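Here's a quick tour of one protein model, written for someone meeting it for the first time. Take a look at the structure, then read on.

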Amino acid sequence: SRVMEENNFLYEIILVDDQSTDKSPQIAKDFAAKHKNYKVVSVKEKPEGWTGKTWACEEGFRNSGGEWLLFTDADVEFEKTLITRALHFALSKNIEVLTLMPRILCKSFWAKLIQPIFIHVLLVLYSPLRVNDQNDPFAYIFGSFFLIQRSKYVEIGRHEVVRKSLIEDRAFGFLAKQKGQRIMMLDALDSLTSVWAKSLADVMHAMERIASFSINVNPLRGVAFAVGIFIVTILPFIGLVASLLWYFEGVAFSEIIFTLSLIAGILGLLASSIEVFGSLKLS
């Protein structure tokens with residue numbers, strides 16, 4: 001967006017087609033042909049050393065001309081005044097990097113079963129409060145809503161500096177704070193929604209990416225994160241099944257293992273339910 005007056009903004013929307021195999025590119029081009037503020041950029045083969053998303057973001061930037069840049073994803077839905085309100089907030093508070101936390105939509109059985117507790121553990125280990133503490137070097141952003149001044153984006157080094165990262169959101173947020181830029185994360189659960197994963201494979205891949213990145217950045221915290229997720233989401237159910245099998249085989253103390261596993265499973269599901277019925281607003 002290029003700022004014009006206090007309450008009016010000239011904006012452009014750049015749709016990056018990253019080698020889509022369905023009808024999305026044609027639908028986007030047909031729409032852009034009828035709206036002068038829209039542009040479709042088709043990404044060909046990415047250069048060596050780039051991940052798919054970082055190269056798509058870089059191509060989007062190269063075709064942009066605004067003073068402010070907003071990076072988002074294709075599966076994100078906005079409340080109609082959100083972008084204007086976010087830009088006004090950033091300008092009034094002198095924020096150079098603004099990211100919004102979306103409400104995560106769980107579309108499948110596996111997503112509903114695993115993602116809530118996963119997100120809960122994630123926010124406990126990587127608290128947004130640390131992101132908003134300018135004295136704390138820790139930071140990350142949500143790729144679903146990443147608003148930044150163009151000059152600051154260039155100063156950091158654009159997406160080129162995180163081109164190899166599988167979790168570019170975390171890497172870019174850290175670099176922004178390292179360079180002294182004022183970064184803020186806000187709750188937008190009522191105005192912004194996103195879909196992280198649908199199938200079991202998608203859910204596991206998302207967990208794998210975050211865990212592996214965490215291990216690379218901070219091995220101790222990364223291992224703690226991976227072990228914590230395993231203990232909370234998987235181990236209790238293994239214990240339940242194993243103790244039942246042992247019980248029928250006459251193995252001693254299986255009742256204790258069963259009871260502890262049942263308690264752990266209930267506590268895990270309780271914590272997950274708080275997230276489900278609360279911020280995620282799922283049935």
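Predicted model: local features only at pLDDT ≥ 70, side-chain atom pairs only at ≥ 80, totals over all residues.

Are Glu-58 and Arg-158 buried or exposed? Arg-158 is a handy place to start, and the points below then move on to other parts of the structure.

**Salt bridges around Arg-158**
- There are ten salt bridges in the structure.
- One of them pairs Glu-58 with Arg-158, and their closest N and O atoms sit 2.8 Å apart.
- That pair ties together distant parts of the chain: Glu-58 belongs to helix H2 (residues 52-62), while Arg-158 is in the loop between H6 and H7, 100 residues apart.
- Arg-158 also forms a salt bridge with Glu-160, with 3.1 Å between the closest N and O atoms.
- Zoom out a bit and you get a network: salt bridges link Glu-58, Glu-59, Arg-62, Arg-158 and Glu-160.

- Lys-152 and Glu-155 join their side chains in a salt bridge, at 3.8 Å from N to O.
- About one helical turn separates Lys-152 and Glu-155, because they are three residues apart in helix H6.
- Glu-155 is partly exposed, since its relative accessibility of 42% falls between the 20% and 50% cut-offs.

**Two residues with positive phi**
- Arg-158 shows up again here: its phi is near 55°, a positive value in a residue that isn't glycine.
- The loop holding Arg-158 runs between helix H6 (150-156) and helix H7 (168-178).
- Gln-19 isn't glycine either, and its phi is positive too, near 60°.
- You'll find Gln-19 in the loop between strand S3 (13-17) and helix H1 (24-33).
- Gln-19 is partly exposed, with 42% relative accessible area.

**The second largest pocket**
- The second largest pocket holds about 240 Å³ of space.
- It's lined by 14 residues, and the closest to its centre are Leu-113, Ile-114, Thr-233, Ile-234 and Phe-237.
- Which helices each supply at least two residues of this lining? They are helix H4 (109-125), helix H8 (200-217), helix H9 (219-233) and helix H11 (254-277).
- The lining of this pocket has ten nonpolar residues, four polar ones and no charged ones.

Methods: Residues numbered from 1 in each chain as written. Heavy atoms only, no water. 1 Å grid on protein atoms, 1.4 Å probe; cavity = no way out; pocket = protein on both sides within 12 Å on 5 of 7 lines; lining within 4 Å. Points joined across faces, edges and corners; volume = space filled by probe spheres on them. Helix = DSSP H or I, 4+ residues; strand = E, 2+ residues; numbered from the N terminus. Nonpolar A, V, L, I, M, F, W, Y, C, P; charged D, E, K, R; others polar. Buried < 20%, exposed > 50% of the residue type's maximum accessible area, 1.4 Å probe, protein only. Salt bridge = Lys/Arg side-chain N within 4 Å of Asp/Glu carboxyl O.
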